[in-house]
Amino acid sequence: MVIPGDEEIRALHERYAPTREAFDLVFTHCRIVCAIAEQLLDRSCSTLDRALVRAGCLLHDIGVYHLYDPSGRLDHARYVSHGVLGHRILTEEGLPEALCRFCSHHTGMGLTRQDIRTQKLPVPEGDYLAETAEEELVMYADTFHSKRTPPVFLSADSYAASVARFGEDKVIRFKELRARWGVPDLGPLVAAHGHALI
């Protein structure tokens, strides 16, 4: 499988971003998630495909750009659909399915058919769960940073408390990933980006 490099991925973000502000928000978030994932990999004895994890981190939120309206406002009501939108973008760009899945299979602790039905989510019915270790790591690393206004870092305890509203299965899943990967040291990233840690 051919994995695009950082410059190719940045060019994709620049092509799809409707504004410079959107690019800065989304691409910075993707770079932060990448730094978190690589830190967790460095501390583990894992044999994961580092290039695939890096590309997955840098691409996972590209679908967010399709949720901006012409005035630059983000459609928060349909935000959960950014994963399937990103999957479609990468498919249309001819990228391998293994990369496309990082978009559609990273949201929260994963989405199930049951989640989509009971919460009436605006995504095609299906199971969008991380299946590979690389997908799991990208999904987990993503939990430690939010693109809210202003962007913030989330401690493991903060995320654990917030994910509880989506069900006990999500709490258990996060606890499993936390036990497997540990908790990243967010201090250097907080200092580098100036985003608060909550």
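## Helices H1 and H3

Let's begin with helix H1 (residues 6-16) and helix H3 (residues 50-59), which pack at an angle of about 15° with their axes 10 Å apart. Angles under 35 degrees count as roughly parallel, over 145 as roughly antiparallel, 65 to 115 as roughly perpendicular and the rest as oblique, so H1 is roughly parallel to H3. Axes here are lines fitted to C-alpha atoms, for helices over the stretch in contact, and angles run from 0 to 180 degrees between N-to-C directions. Helices (H or I, at least four residues) and strands (E, at least two) are DSSP runs, numbered from the N terminus.

On the H1 side, Asp 6, Ile 9, Leu 12 and His 13 meet Arg 54, Ala 55, Leu 58 and Leu 59 of H3, where contact means heavy atoms within 4.5 Å. These residues divide into five nonpolar, one polar and two charged. For the classes, Ala, Val, Leu, Ile, Met, Phe, Trp, Tyr, Cys and Pro count as nonpolar, Asp, Glu, Lys and Arg as charged, and the others, Gly among them, as polar.

This is a predicted model, in which local features need pLDDT of at least 70 and side-chain atom pairs count only at pLDDT 80 or more, while totals for chains, interfaces and linings use all residues. Residues are numbered from 1 along each chain as its sequence is written, and side-chain values use heavy atoms, with hydrogens and water left out.

## Helices H7 and H9

H7 and helix H9 (residues 168-181) pack at an angle of about 105°, with axes 11 Å apart. They are therefore roughly perpendicular to each other. From H7 come Ala 133, Glu 136, Leu 137, Met 139 and Tyr 140, and from H9 come Arg 173, Phe 174, Leu 177, Arg 178, Arg 180 and Trp 181. By class, this contact has seven nonpolar, no polar and four charged residues.

## The largest pocket

How much space lies in the largest pocket? About 1000 Å³. On a 1 Å grid over the protein atoms alone, a pocket is an open set of points with protein on both sides within 12 Å along at least five of seven lines, a cavity is a set where a 1.4 Å probe fits but cannot get out, and lining residues have an atom within 4 Å of a point. Grid points are joined across faces, edges and corners, and a volume is the space filled by probe spheres set on the points.

The largest pocket is lined by 35 residues, with Tyr 79, His 82, Thr 107, Ser 146 and Arg 165 nearest its centre. H8 gives the most to this lining, with three residues.
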